[in-house]
Amino acid sequence: MLARLALGNVRKSLADFGIYFLTVMLGVAVFYAFNSMTAQQGVLALSETQGRMFDLLGMVSGGVSVFIAFVLVFLVVYANSFLIKRRTPEFGVYLALGMSTGDVVKIVALESLIAGAASLAAGLVVGIGLSQLLLQLTSALFQADVAEAGGFAFVFSADALAKTVIVFAAIFLTAALLNARTVARAKLIDLLHAQRKNEEMRLTSLPLSLALFAASLVLIGVSYKLLIDNGLMEPSPEFAAATLLVCAGTVLFFYALSGFLLKLVQLIKPLYLRGLNMFALRQLNAKVNTAFASLSVVCLVLFLAITSVCGGIGIRNAIDGSLDKSTGYSASVSTSFGSYDAEAGYRPADLGAFGEFAERQGYDMAAGLRASVAAVGAGDFEAAVSGVVQVDLLVDPADGLVMDDVERASGLVLADYAGASVNSGYGASPVYVAKLSQVNAALELAGRPGVELGAGECAVFSDSDITSGFYRDAVERGTELSVGGRALRVVEFRGDSLQTTPFPLNTGTLVVPDEAVPAGSTILQSILDVQCASDEDEAAFGAMMDAVADADDPDTWPVTMSMTRAEVLDQSISLSTIVAYLAIYLGFVLVIACAAILAIQQLSDASDNAQRYGLLRKLGAPEGMISGALFVQVLVYFLFPLLLAVAHAACALVVVTDVVAVFGHLDITSVSRFMVMNPPGAERMMGSRRAFIQASVFMRMMRQFFFFW
């Protein structure tokens, strides 16, 4: 009997349940579609690198889905509360006719479950269709064809289905329990007259409202300062404080605004008495408590949506934009012979027998790798390579040039350019030195113009967005630096990358005439740039370097990292795809949540105020005035949270640029420090040395990336 009554109620209230149905259906569809992406891997022709990145995409999507689940919990509960509010008079009639409270609670629970089950089923159907569109989008972004014949394959994920059903079943159960609790605790008179009762004003004092409004601005301002000063690069108490303060300030902003907005407008008589402004403002005032809560939530959710989408687009553009300058060579091989940090200075790497082999070869990478390839029988080095150039990055252990020296000589401060993306110990970071002859040979191999230096001159190379602006201004100021006791004026800045790499690695290399290289300089890192005649030769060269890196023969060259152009493109495309998906996923769900909350709020108000607007018509108010009053209410609900969300996002995007810069930068010493702490032999327990080092570099980037999201 109760089930039949609940089903009939759902059919009779389709207009009300339609809002709830549409909201939940969209949430289910998006949640299933993005969690089903791991199933696409089986039907896409992905390379090995893309396969690893796709696994990472699945892991990231799963983590983000936890946050999305909390958003959907709030959204479903909020939409469900709208239904309960619309149905309260009906529940009051049931009680007045003698139905027990328990039976009414059961009806409410059954109605919620019926509507939830229908929206879940429809959402899954839509989500399965949406996942097929995502498959085509994934294929385009990864530049990977669908493996099935005809380029079409049907993708279904049982894991995503189970996860979606479990999450939303828990959400529906929570909503049903909250609804039952609301009805069970309500008094009969409150149920019958709920729609006629205005909310009580909690904030009636104008001076108190103004004081709270000023306090909210102070809280928001302090949170902005904390965020800008400390950035998003690392978790910190300051970041947590900024998050809490901006949330508290936003809630207080709308609470105080709702308290004095009506009184403020009343002071402006021409505005208050124009049209139906007094009616519209009093309607807003009647909903003050609900208004400030929903507007605060919408503002914060919009802030997250704007920041997520803009930050994601910025990171993706930074990754894609660095490809041209970081893929000038068919392949690059690097070897770290030491590390340099602020506390210990230069520390040589313990490369053991591999280091002794490099010393016997006179640190000539081409000769060493040629002999190593022959020793392991990996192929024909000469046949695969059409041109090679070695670039050595040097430091002077006794009196090396560090960033503090550049700042003092130029009068500039790196932190003014890089913001919070630099740490407190950056001043002791070394500025590497390279020979002009080697750099010009590398530029010629890449088909780029060389550098011309006169007596007493030097140039600086940096492909990092963090330091490029700093060095440009240092050149414009005619900065003079002491290199090995000789004064050299920096006359040219170049942003060219001196190797093929997935991330710009060079935060500052001083190019000096060969005779100006300090006598006590030692090699920190050697880079061998290689050009191949064809893609097949490039792949063959990469396989040779894999074989050398994995070799146990002590008479082989110690390869720290090697990357081919194809591998760099694969990694960059895959990482930018992950970022694009996160931006779409977060942005789409959060915008849906905002739109649903505002739409439900407005529909609820319009339904509650139908009698009042009908009375205006009877009093002779023209339709234009009534429409204007409605427009004022909608404008306040949509515009106020949007404006404050844009202000929050503008502040956040100032520091998001530091995160974006990191995706165009990786400190080169991180790799060398890693090699010092992990000498050859340790990585062999974990597989390929090359894969081991690449994983360490990539995970450092992803740690910063995950913290940003």
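Reply: Confidence in this predicted model is highest in helix 18 (residues 436-445), with a mean pLDDT of 95, and lowest in helix 24 (residues 669-677), with a mean of 33; pLDDT is the predictor's confidence in each residue, from 0 to 100. The average over the protein chain is 76, and 76% of the residues score at least 70.

Residues are numbered from 1 along each chain as its sequence is written, and side-chain values use heavy atoms, with hydrogens and water left out. Because the model is predicted, local features need a pLDDT of at least 70 and side-chain atom pairs count only at pLDDT 80 or more, whereas totals for chains, interfaces and linings use all residues.

The secondary structure comprises 25 helices and eleven strands; these are DSSP runs (helices H or I, at least four residues; strands E, at least two), numbered from the N terminus. Of the 709 residues, 53% count as buried, that is, under 20% relative accessible area, with exposed meaning over 50% and partly exposed the range in between (1.4 Å probe, protein chains only). Of the contacts between residues at least 6 apart in sequence, 85% join residues at least 24 apart.

Two packed helices are described by the angle between their axes and the distance between the axes. Axes are lines fitted to C-alpha atoms, for helices over the stretch in contact, and angles run from 0 to 180 degrees between N-to-C directions.

Helix 16 (residues 403-410) packs on helix 19 (residues 468-476) at an angle of about 45°, with the axes 10 Å apart. The two are therefore oblique to each other, since angles under 35 degrees count as roughly parallel, over 145 as roughly antiparallel, 65 to 115 as roughly perpendicular and the rest as oblique. Their crossing is left-handed, meaning that the near helix is turned anticlockwise from the far one by less than a right angle; clockwise would be right-handed. Helix 16 contributes Met 403, Val 406, Glu 407 and Ser 410, which meet Phe 470, Tyr 471 and Ala 474 of helix 19. By class, these residues are five nonpolar, one polar and one charged (nonpolar: Ala, Val, Leu, Ile, Met, Phe, Trp, Tyr, Cys and Pro; charged: Asp, Glu, Lys and Arg; polar: the others, Gly among them).

Asp 404 also belongs to helix 16 and is partly exposed, at 30% relative accessible area. Its C-alpha atom is 9.0 Å from that of Pro 430, 26 residues away in sequence.

A second pair is formed by helix 14 (residues 365-376) and helix 20 (residues 535-550), whose axes come within 9 Å and cross at roughly 80°. Helix 14 is therefore roughly perpendicular to helix 20. Leu 369, Ser 372, Val 373 and Val 376 of helix 14 make the contact with Met 544, Met 545, Ala 547 and Val 548 of helix 20. This contact has seven nonpolar residues, one polar and no charged ones.

Tyr 363 lies in the loop between helix 13 (352-360) and helix 14. The phi of Tyr 363 is near 55°, a positive value in a residue other than glycine, and Tyr 363 is partly exposed, with a relative accessible area of 30%.

Two further residues deserve mention. Asp 496, in the loop between strand 8 (486-494) and strand 9 (509-512), counts as buried at 15% relative accessibility. Leaving aside neighbours within four places in sequence, Asp 496 contacts Leu 443, Arg 448, Phe 461 and Asp 463. Arg 448 is 48 residues from Asp 496 in sequence, and their C-alpha atoms are 8.8 Å apart. Arg 316, in helix 11 (residues 288-321), is partly exposed at 23%; its C-alpha atom is separated by 9.7 Å from that of Ala 583, 267 residues apart along the chain.

Notes
Contact means heavy atoms within 4.5 Å.
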